[in-house]
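Here are some questions and answers for a reader who is new to this structure.

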Amino acid sequence: MSDSPIVSLIVPAHNEEALLGATLDALGVAARGLDAEIIVVDDGSTDRTAAIARARGAGVVEVQMRQIAAARNAGARVARGQLLVFVDADTSVPAAVLHDAVAAWREGAVGGGAGAVFEPDAPRWAHRSIAFATWVLRKARWAAGCFLFADRAAFERAGGFDERYFASEEIHLSRAMKRLGRFVILPGDVLTSARKADHYSLGHSLWLIVRLARPGSLRSREGLDFWYTRHHK
(Lines give C-alpha, C1' and ligand atoms only; values in the text may rest on other atoms or scores of the structure.)
Protein backbone atom coordinates (compact mmCIF):
# COMPACT_ATOMS: atom_id res chain seq x y z
CA MET A 1 0.00 0.00 0.00
CA SER A 2 1.31 3.44 -0.88
CA ASP A 3 1.27 6.48 1.37
CA SER A 4 -1.71 7.82 -0.58
CA PRO A 5 -4.14 5.02 -1.48
CA ILE A 6 -6.49 5.55 -4.37
CA VAL A 7 -9.44 3.74 -2.78
CA SER A 8 -10.67 3.98 0.82
CA LEU A 9 -13.06 1.21 1.89
CA ILE A 10 -15.07 2.49 4.87
CA VAL A 11 -17.03 0.06 7.06
CA PRO A 12 -19.20 1.46 9.89
CA ALA A 13 -19.78 -1.09 12.62
CA HIS A 14 -21.52 -1.43 15.97
CA ASN A 15 -21.21 -4.80 17.75
CA GLU A 16 -20.51 -6.62 14.50
CA GLU A 17 -18.13 -9.34 15.71
CA ALA A 18 -20.31 -12.07 14.20
CA LEU A 19 -20.13 -10.87 10.59
CA LEU A 20 -17.36 -8.28 10.32
CA GLY A 21 -14.55 -10.78 9.78
CA ALA A 22 -16.19 -12.26 6.69
CA THR A 23 -16.92 -8.78 5.33
CA LEU A 24 -13.29 -7.69 5.72
CA ASP A 25 -11.97 -10.93 4.28
CA ALA A 26 -14.16 -10.44 1.19
CA LEU A 27 -13.02 -6.81 0.86
CA GLY A 28 -9.41 -7.89 1.08
CA VAL A 29 -9.93 -10.31 -1.81
CA ALA A 30 -11.95 -7.79 -3.84
CA ALA A 31 -9.31 -5.09 -3.40
CA ARG A 32 -6.45 -7.17 -4.78
CA GLY A 33 -4.70 -5.23 -7.51
CA LEU A 34 -6.01 -1.91 -6.19
CA ASP A 35 -4.14 0.68 -4.14
CA ALA A 36 -6.58 0.55 -1.23
CA GLU A 37 -7.01 0.97 2.51
CA ILE A 38 -9.74 -0.45 4.75
CA ILE A 39 -11.13 1.63 7.62
CA VAL A 40 -13.56 0.28 10.21
CA VAL A 41 -15.50 2.91 12.15
CA ASP A 42 -16.22 1.27 15.49
CA ASP A 43 -19.27 3.15 16.72
CA GLY A 44 -19.60 2.38 20.41
CA SER A 45 -19.13 -1.38 20.20
CA THR A 46 -18.98 -3.43 23.38
CA ASP A 47 -17.80 -6.64 21.70
CA ARG A 48 -14.70 -7.67 19.70
CA THR A 49 -15.48 -5.53 16.65
CA ALA A 50 -12.34 -3.38 16.90
CA ALA A 51 -10.07 -6.36 17.68
CA ILE A 52 -11.36 -8.28 14.66
CA ALA A 53 -10.74 -5.27 12.42
CA ARG A 54 -7.19 -4.76 13.69
CA ALA A 55 -6.39 -8.47 13.39
CA ARG A 56 -7.16 -8.19 9.67
CA GLY A 57 -4.99 -5.14 9.16
CA ALA A 58 -7.81 -2.59 8.93
CA GLY A 59 -7.48 0.87 10.35
CA VAL A 60 -9.89 1.52 13.21
CA VAL A 61 -11.62 4.78 14.08
CA GLU A 62 -13.41 4.67 17.43
CA VAL A 63 -16.42 6.96 17.88
CA GLN A 64 -19.45 7.16 20.16
CA MET A 65 -22.20 8.39 17.87
CA ARG A 66 -24.69 5.57 17.30
CA GLN A 67 -25.75 7.11 14.03
CA ILE A 68 -24.90 5.53 10.71
CA ALA A 69 -24.56 8.83 8.78
CA ALA A 70 -22.21 10.30 11.39
CA ALA A 71 -20.14 7.11 11.56
CA ARG A 72 -19.71 7.05 7.79
CA ASN A 73 -18.69 10.71 7.78
CA ALA A 74 -16.16 10.02 10.53
CA GLY A 75 -14.56 7.36 8.35
CA ALA A 76 -14.50 9.69 5.36
CA ARG A 77 -12.71 12.38 7.37
CA VAL A 78 -9.71 10.14 8.11
CA ALA A 79 -9.72 8.33 4.74
CA ARG A 80 -6.83 9.14 2.43
CA GLY A 81 -8.28 7.82 -0.83
CA GLN A 82 -9.60 9.76 -3.79
CA LEU A 83 -12.47 7.27 -4.09
CA LEU A 84 -14.57 6.54 -1.00
CA VAL A 85 -16.41 3.22 -0.88
CA PHE A 86 -18.89 2.71 1.97
CA VAL A 87 -19.72 -0.91 2.81
CA ASP A 88 -21.97 -2.21 5.58
CA ALA A 89 -20.41 -4.59 8.09
CA ASP A 90 -22.71 -7.42 7.03
CA THR A 91 -22.11 -7.10 3.28
CA SER A 92 -19.82 -9.06 0.98
CA VAL A 93 -18.57 -7.17 -2.07
CA PRO A 94 -17.48 -9.26 -5.08
CA ALA A 95 -14.25 -8.24 -6.76
CA ALA A 96 -16.10 -7.54 -10.02
CA VAL A 97 -18.39 -5.02 -8.33
CA LEU A 98 -15.55 -3.16 -6.62
CA HIS A 99 -13.45 -3.04 -9.77
CA ASP A 100 -16.48 -1.88 -11.79
CA ALA A 101 -16.95 0.94 -9.28
CA VAL A 102 -13.35 2.01 -9.69
CA ALA A 103 -13.67 1.84 -13.48
CA ALA A 104 -16.86 3.92 -13.47
CA TRP A 105 -15.16 6.53 -11.28
CA ARG A 106 -12.11 6.65 -13.54
CA GLU A 107 -14.48 7.18 -16.47
CA GLY A 108 -15.94 10.26 -14.81
CA ALA A 109 -18.77 9.09 -12.55
CA VAL A 110 -19.04 11.10 -9.33
CA GLY A 111 -20.33 8.04 -7.54
CA GLY A 112 -22.90 5.29 -7.48
CA GLY A 113 -23.96 1.98 -6.04
CA ALA A 114 -24.93 -1.57 -6.94
CA GLY A 115 -27.80 -3.99 -6.55
CA ALA A 116 -28.09 -6.20 -3.47
CA VAL A 117 -29.19 -9.77 -2.85
CA PHE A 118 -29.67 -11.94 0.22
CA GLU A 119 -28.12 -15.32 0.90
CA PRO A 120 -30.09 -18.26 -0.58
CA ASP A 121 -31.57 -19.44 2.74
CA ALA A 122 -33.35 -16.12 3.41
CA PRO A 123 -37.18 -16.25 3.51
CA ARG A 124 -38.93 -15.99 0.18
CA TRP A 125 -40.62 -12.71 1.14
CA ALA A 126 -37.20 -11.23 1.95
CA HIS A 127 -35.84 -12.16 -1.48
CA ARG A 128 -38.86 -10.60 -3.14
CA SER A 129 -38.59 -7.48 -1.01
CA ILE A 130 -34.92 -6.84 -1.78
CA ALA A 131 -35.50 -7.55 -5.47
CA PHE A 132 -38.26 -4.92 -5.52
CA ALA A 133 -36.14 -2.46 -3.53
CA THR A 134 -33.22 -2.95 -5.92
CA TRP A 135 -35.53 -2.37 -8.90
CA VAL A 136 -36.74 0.90 -7.37
CA LEU A 137 -33.20 2.03 -6.57
CA ARG A 138 -32.01 1.28 -10.10
CA LYS A 139 -34.92 3.20 -11.61
CA ALA A 140 -34.30 6.19 -9.33
CA ARG A 141 -30.49 5.85 -9.56
CA TRP A 142 -30.15 5.83 -5.79
CA ALA A 143 -27.50 3.77 -4.03
CA ALA A 144 -28.40 1.22 -1.38
CA GLY A 145 -26.81 1.94 1.96
CA CYS A 146 -24.92 -1.36 2.04
CA PHE A 147 -22.69 -0.26 -0.88
CA LEU A 148 -22.10 3.28 -2.08
CA PHE A 149 -19.04 4.79 -3.75
CA ALA A 150 -18.22 8.46 -4.16
CA ASP A 151 -15.52 10.66 -5.60
CA ARG A 152 -14.00 12.35 -2.58
CA ALA A 153 -14.24 15.88 -3.95
CA ALA A 154 -17.86 15.38 -5.01
CA PHE A 155 -18.70 13.79 -1.65
CA GLU A 156 -17.35 16.83 0.14
CA ARG A 157 -19.15 19.23 -2.20
CA ALA A 158 -22.39 17.35 -1.49
CA GLY A 159 -21.83 17.80 2.25
CA GLY A 160 -21.30 14.11 2.98
CA PHE A 161 -24.04 12.03 4.58
CA ASP A 162 -26.76 14.22 6.06
CA GLU A 163 -26.48 13.77 9.82
CA ARG A 164 -29.98 15.11 10.40
CA TYR A 165 -31.23 11.64 9.41
CA PHE A 166 -30.84 8.35 11.26
CA ALA A 167 -31.97 6.38 8.18
CA SER A 168 -32.34 7.09 4.43
CA GLU A 169 -29.08 9.07 4.52
CA GLU A 170 -27.84 7.20 1.44
CA ILE A 171 -30.88 8.38 -0.53
CA HIS A 172 -30.23 11.99 0.40
CA LEU A 173 -26.58 11.68 -0.58
CA SER A 174 -27.48 9.97 -3.88
CA ARG A 175 -29.81 12.83 -4.75
CA ALA A 176 -27.22 15.45 -3.82
CA MET A 177 -24.47 13.79 -5.85
CA LYS A 178 -26.69 13.34 -8.90
CA ARG A 179 -26.83 17.12 -9.09
CA LEU A 180 -23.03 17.19 -9.33
CA GLY A 181 -22.50 14.69 -12.15
CA ARG A 182 -23.04 11.16 -13.40
CA PHE A 183 -24.22 8.83 -10.64
CA VAL A 184 -24.36 5.19 -11.72
CA ILE A 185 -25.88 1.99 -10.39
CA LEU A 186 -23.65 -0.88 -11.45
CA PRO A 187 -25.11 -4.02 -13.04
CA GLY A 188 -23.64 -6.33 -10.41
CA ASP A 189 -24.91 -7.14 -6.91
CA VAL A 190 -23.40 -7.23 -3.44
CA LEU A 191 -24.43 -9.94 -0.98
CA THR A 192 -25.91 -8.54 2.22
CA SER A 193 -27.23 -10.28 5.31
CA ALA A 194 -30.92 -11.06 5.70
CA ARG A 195 -30.54 -11.39 9.47
CA LYS A 196 -33.38 -8.93 10.12
CA ALA A 197 -35.78 -11.33 8.39
CA ASP A 198 -35.15 -13.80 11.24
CA HIS A 199 -36.55 -11.28 13.72
CA TYR A 200 -39.09 -9.25 11.75
CA SER A 201 -41.99 -10.75 9.83
CA LEU A 202 -43.22 -9.36 6.52
CA GLY A 203 -46.17 -7.76 8.31
CA HIS A 204 -43.98 -6.14 10.93
CA SER A 205 -41.58 -4.86 8.27
CA LEU A 206 -44.43 -3.29 6.31
CA TRP A 207 -45.75 -1.69 9.51
CA LEU A 208 -42.32 -0.17 10.17
CA ILE A 209 -42.27 1.29 6.65
CA VAL A 210 -45.69 2.86 7.21
CA ARG A 211 -44.44 4.40 10.45
CA LEU A 212 -41.53 5.95 8.58
CA ALA A 213 -43.97 8.00 6.51
CA ARG A 214 -44.64 10.19 9.54
CA PRO A 215 -42.99 13.63 9.28
CA GLY A 216 -39.72 13.75 11.17
CA SER A 217 -39.66 10.01 11.86
CA LEU A 218 -36.17 9.61 10.38
CA ARG A 219 -34.60 12.40 12.42
CA SER A 220 -34.49 10.42 15.65
CA ARG A 221 -33.21 6.93 16.49
CA GLU A 222 -36.44 6.30 18.38
CA GLY A 223 -38.55 3.78 16.51
CA LEU A 224 -35.71 2.79 14.17
CA ASP A 225 -34.78 -0.49 15.86
CA PHE A 226 -34.98 -2.17 12.45
CA TRP A 227 -31.70 -0.39 11.63
CA TYR A 228 -30.16 0.19 15.05
CA THR A 229 -30.70 -3.13 16.83
CA ARG A 230 -28.07 -5.70 15.84
CA HIS A 231 -29.42 -9.19 15.25
CA HIS A 232 -26.92 -11.97 14.60
CA LYS A 233 -27.51 -15.41 13.20
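Q: Is Thr-134 buried or exposed?
A: In this predicted model, Thr-134 lies in helix H5, residues 124–140. Buried means under 20% relative accessible area. Because the relative accessible area of Thr-134 is 13%, Thr-134 counts as buried.

Q: Which residue has a backbone oxygen 3.4 Å from a polar atom of the side chain of Thr-134?
A: Not counting residues up to four places away in sequence, Thr-134 touches Gly-115 and Ala-116. The backbone oxygen at 3.4 Å from the side chain of Thr-134 belongs to Ala-116.

Q: Is His-99 buried, partly exposed or exposed?
A: His-99 is found in helix H4. Buried means under 20% relative accessible area and exposed means over 50%, with partly exposed in between. Since the relative accessibility of His-99 is 31%, His-99 counts as partly exposed.

Q: How far is the backbone oxygen of Ala-30 from a polar atom of the side chain of His-99?
A: Leaving out residues up to four places away in sequence, His-99 touches Ala-30, Arg-32 and Leu-34. Of these, Arg-32 is 67 residues from His-99 in sequence, with 9.5 Å between their C-alpha atoms. For the backbone oxygen of Ala-30 and the side chain of His-99, the distance is 3.1 Å.

Q: Which elements do the buried residues of H1 pack against?
A: The buried residues in H1 are Leu-20, Gly-21, Thr-23, Leu-24, Ala-26, Leu-27 and Ala-30. An α-helix has 3.6 residues a turn, so residues three or four places apart point the same way. The buried residues of H1 pack against strands E1, E2, E4 and E5 and helices H2 and H4.

Q: What is the volume of the second largest pocket?
A: Its lining has three nonpolar, five polar and three charged residues. Helix H1, strand E5 and strand E8 each supply at least two residues of this lining. The volume of the second largest pocket is about 160 Å³.

How values were computed. Residues numbered from 1 in each chain as written. Predicted model: local features only at pLDDT ≥ 70, side-chain atom pairs only at ≥ 80, totals over all residues. Heavy atoms only, no water. 1 Å grid on protein atoms, 1.4 Å probe; cavity = no way out; pocket = protein on both sides within 12 Å on 5 of 7 lines; lining within 4 Å. Points joined across faces, edges and corners; volume = space filled by probe spheres on them. Helix = DSSP H or I, 4+ residues; strand = E, 2+ residues; numbered from the N terminus. Nonpolar A, V, L, I, M, F, W, Y, C, P; charged D, E, K, R; others polar. Buried < 20%, exposed > 50% of the residue type's maximum accessible area, 1.4 Å probe, protein only. Polar contact = N/O pair within 3.5 Å; in protein donor to acceptor, adjacent residues only side chain to side chain. Contact = heavy atoms within 4.5 Å.
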